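I opened the model and kept notes on what I looked up. The entries follow in the order I made them.

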Amino acid sequence: MDSLLKQEITFTRLTQVEPDDIIAHMSDPRVAEHMPLLTFDWDKATAAKFVATKEACWDRDGLGHWAILCDGHYIGWGGFQKEGDEWDYGLVLRPNSFGLGIRISRKAIAYAIADKRIDYVTFLLPPSRRNLSALGRLGASFIGEIEYDGATFLKYRLDTI
């Protein structure tokens, strides 16, 4: 655990990551296990469309998803996406970096707290996620089950003001 705390976590734009890294990450069946909307194969075209979609959020909203680096190496992606009037936070890590989730989330939530446009953040998690204690440690409250793009998710909310 001490070695995890010493690792430097940085956020950069997804455009700074090699598409092959994103493809390998999103093609890992351990990642897909908890992503009910991930029902397609990843290739260069898929990765390019994904990055373009996330960059469009930055252009539209001034905030979006980052590539997450640990000691300069890509370990996943996550950040904020505006869904209607709500800012949704998502985090998708490579399996060997799952243990860094709470640390990365705390760093990202600090951005939301500093952003005066964001009164609260929502989290949508698939029911397959059993260990949700990290959300409680962040201070998030369970709102209920919702349907999104034909899949059921558990919705949580974290006030940032």
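I began with terms: helices (H or I, at least four residues) and strands (E, at least two) are DSSP runs, numbered from the N terminus. The expected span of a helix is 1.5 Å times one less than its number of residues.

**Entry: ground rules.** I noted that this is a predicted model, in which local features need pLDDT of at least 70 and side-chain atom pairs count only at pLDDT 80 or more, while totals for chains, interfaces and linings use all residues. Residues are numbered from 1 along each chain as its sequence is written, and side-chain values use heavy atoms, with hydrogens and water left out.

**Entry: helix α4.** I looked up the length of α4 and found 18 residues. From first C-alpha to last, α4 reaches 26 Å, close to the 26 Å expected at 1.5 Å a residue. For burial I used relative accessible area: buried is under 20%, exposed is over 50%, and partly exposed is in between (1.4 Å probe, protein chains only). Which residues of α4 are buried? They are Thr46, Ala47, Phe50, Val51, Lys54, Glu55, Cys57, Trp58 and Asp61. These cover an arc of only 165° around the axis, which puts them on the same side of α4. The arc is that of the directions from the helix axis to the C-beta atoms. On the other side of α4, I found Lys44, Ala45, Lys49, Asp59 and Arg60 exposed.

**Entry: helix α5.** I repeated the check on α5, which has 14 residues and reaches 20 Å from its first C-alpha to its last, close to the 20 Å expected at 1.5 Å a residue. Its buried residues are Gly101, Ile104, Ser105, Ala108, Ile109 and Ala112. Seen down the axis of α5, the buried residues fall within an arc of 130°, so they line one face of the helix. Ser105 and Asp159 are 54 residues apart in sequence, and 14 Å separates them in space, C-alpha to C-alpha.

**Entry: strands β1 and β2.** In β1 (residues 9-12), I found Ile9 and Phe11 on a covered face, and Thr10 and Thr12 on an uncovered one. Strands β1 and β2 (residues 65-70) run antiparallel and are joined by four bridges; two strands pair if DSSP finds at least two bridges between them. I traced the bridge partner of Thr10 to Leu69 in β2.

**Entry: two loop residues.** Asp71 lies in the loop between β2 and β3. Its phi is near 50°, a positive value in a residue other than glycine. Asp71 has 43% relative accessibility and so counts as partly exposed. Asp149 sits in the loop between β6 (141-148) and β7 (151-159). Its phi is also positive, about 50°, although Asp149 is not a glycine. Asp149 is exposed, with a relative accessible area of 64%.
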